[in-house]
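Please keep the structure open as you read.

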Amino acid sequence: MRAWVLLAASAALAFEGSSPAPVRFRNVARCAGVEFVLENTPTPEKQMIETMAGGLAVFDYNGDGRADIFFTNGAALPGLEKSGAKHFNRLYRNEGGMKFTDVTAEAGVAGAGYSMGAAAGDYDNDGHVDLFVAGVNRNTLYRNLGNGKFEDVTARSGIRGGVWAVAAGWLDYDNDGRLDLFVANYLQWSVENNRFCGDRALNLRMYCHPRYFEGLPNTLYRNRGDGTFADVSEKSGIARHIGKAMSLAFADYDRDGYLDVFVTNDKVPNFLFHNRRNGTFEEVALTAGVALADHGQPISSMGADFRDYDNDGQPDVSVVALAGETFPLFRNLGKGMFRDATYASGLGPLCVRRSGWSQGFFDFNNDGFKDLFVSGSHVNDVIERIEASRYKEANMLFLNRGDGRFIDGSDDFRGLAKAHRGTGFADFNGDGRMDVVVTVLGEPAELWENLSPGGNHWLVLKLTGTKSNRDGIGAEVRIGSQVNHMTTAVGYSSSSHDGVHFGLGKVEKVDQVEIRWPSGTVQVLRDVKAGQVVKVVE
């Protein structure tokens, strides 16, 4: 167990207060050929959807081993239709060497309507990653044909629209080997019922607080295995709970072998749907300790991630929100309970004056501890006229010290304030360092190449289930004290499908990698050399 010992030694050094290795980023979007501009169609009427756009998906659509990028886009208002190419959703193919090509037209994914979120997953288990796009009154399911093209199969799949869906994610909630679909629905809003919010005397109009609109239940679709889905929202218990969902994340937080669902809600308590293992869920967020932060007030919960940040083997919950609300971090105590660790982790004072939209727990310096990247911006573009907050903000990076605490590592983003929204995470150039793509309202997207120095090692596992779902979503992977799991639901309205990444510090060979598949199969790899992508078949 030499690798296990070395990883434990690395953790011990961090506990003694050593600083984490620095992380360096450079925005290479322009030279990489990623020229996407998020057209949210701002209007004087301040339609709420304008500020909520910006999800994306990172996934290998053509099976060449490189992560590609799909961006959702807005539409013309008030008609909610894509009036031209500037409103098209966009797919960029990764050519290698940090170069991308726009292949939207040939792939057939320009889309229709005002799109919001994206979710990548191989729902039909044919080896080609498919794509779901959530939007305002319109959802779209694209089946990947495996020849560089997608087919819109929404109508015959049984998936419906009709309400404002912000985000979605793929999970196998019943462990039958097929990916099911969870859709996060936001508010009962329409162009016609968009009200005036702001101060008429000052001629100041702003995006409305969500309290002015009724919430919605979320939707759960069960995969029948024949290309169609059954709406089991009522049967599963999901539809009994009305929220104002912004994002969702999946993990087996109580380690009973079944995926659970965490949902962020805007200015109402969050949801934690505990999987009862019989096709139904119970909502336990309040008793588990993740409905609210310790101050007891609901916040503007936006993005979510559900991973183990402190290497204790238990998936923790990260939430990002607006200035004055902090970015709550709920530490998993085991036995179904969480504790608000926002200030104990050091995040509280680092983010209390900041606003964030989307985030992800990834080990950017490969030291064996997951760091936290957050895209920065407030929701209201006139916020500076009414309170001491900023609208456009720089992105943020909080480095994990390895002792349960974080420090600010955002140097490369300072001064680059924009209206950032969705995020995607992948090693786009195959150098073992995790890169980040971020959408921006009305401006070009950012592609942050990780140029971090140092000789830390890494390992990526790309999983193919045979008894489990083809993507291996829900599989738990353990290397020493580190635990991660395969998921594609990360951040705000976004999806990152690029395997399971581990930073290894100075470890050059891992003695043992343990994979627990959703089917219950336990697989062990031995003497695995660092610095490679390992493809594992169940």
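1. Start with R414 and D411. Their side chains form a salt bridge, with N and O 3.1 Å apart. The term means a side-chain nitrogen of Lys or Arg within 4 Å of a carboxyl oxygen of Asp or Glu. R414 is partly exposed, at 47% relative accessibility. D411 is partly exposed as well, at 48%. Here are the cut-offs: buried is under 20% relative accessible area, exposed is over 50%, and partly exposed is in between (1.4 Å probe, protein chains only).

2. A word on the source. This is a predicted model, where local features need pLDDT of at least 70, side-chain atom pairs count only at pLDDT 80 or more, and totals for chains, interfaces and linings use all residues. Residues are numbered from 1 along each chain as its sequence is written, and side-chain values use heavy atoms, with hydrogens and water left out.

3. How many salt bridges are there by this rule? The count is 32. Some of them join up: D174, D176, R178 and R222 are linked in a network of salt bridges.

4. Now look at D231 and R160. This pair forms a salt bridge, and the closest N and O atoms are 2.9 Å apart. D231 sits in strand β16 (residues 229-231), while R160 is in the loop between α4 (154-157) and β10 (165-171), so the bridge ties together parts 71 residues apart in sequence. Helices (H or I, at least four residues) and strands (E, at least two) are DSSP runs, numbered from the N terminus. D231 is partly exposed, at 35% relative accessibility. R160 is partly exposed too, with a relative accessible area of 48%.

5. Next, D312 and R331. Their side chains meet in a salt bridge of 3.5 Å, N to O. D312 lies in the loop between β22 (304-307) and β23 (316-319), and R331 lies in strand β24 (residues 329-334), so the pair ties together parts that are 19 residues apart in sequence. D312 is partly exposed, with a relative accessible area of 32%. For R331, also partly exposed, the value is 30%.

6. Finally, Q512. Is Q512 buried or exposed? Q512 is buried, at a relative accessible area of 10%. Its place is in strand β38 (residues 509-516). The side chains of Q512 and R526 are joined by a polar contact of 2.8 Å. Such a contact is a pair of N or O atoms within 3.5 Å; within protein, one must be able to donate a hydrogen and the other to accept it, and residues adjacent in sequence count only if both atoms are side-chain atoms.
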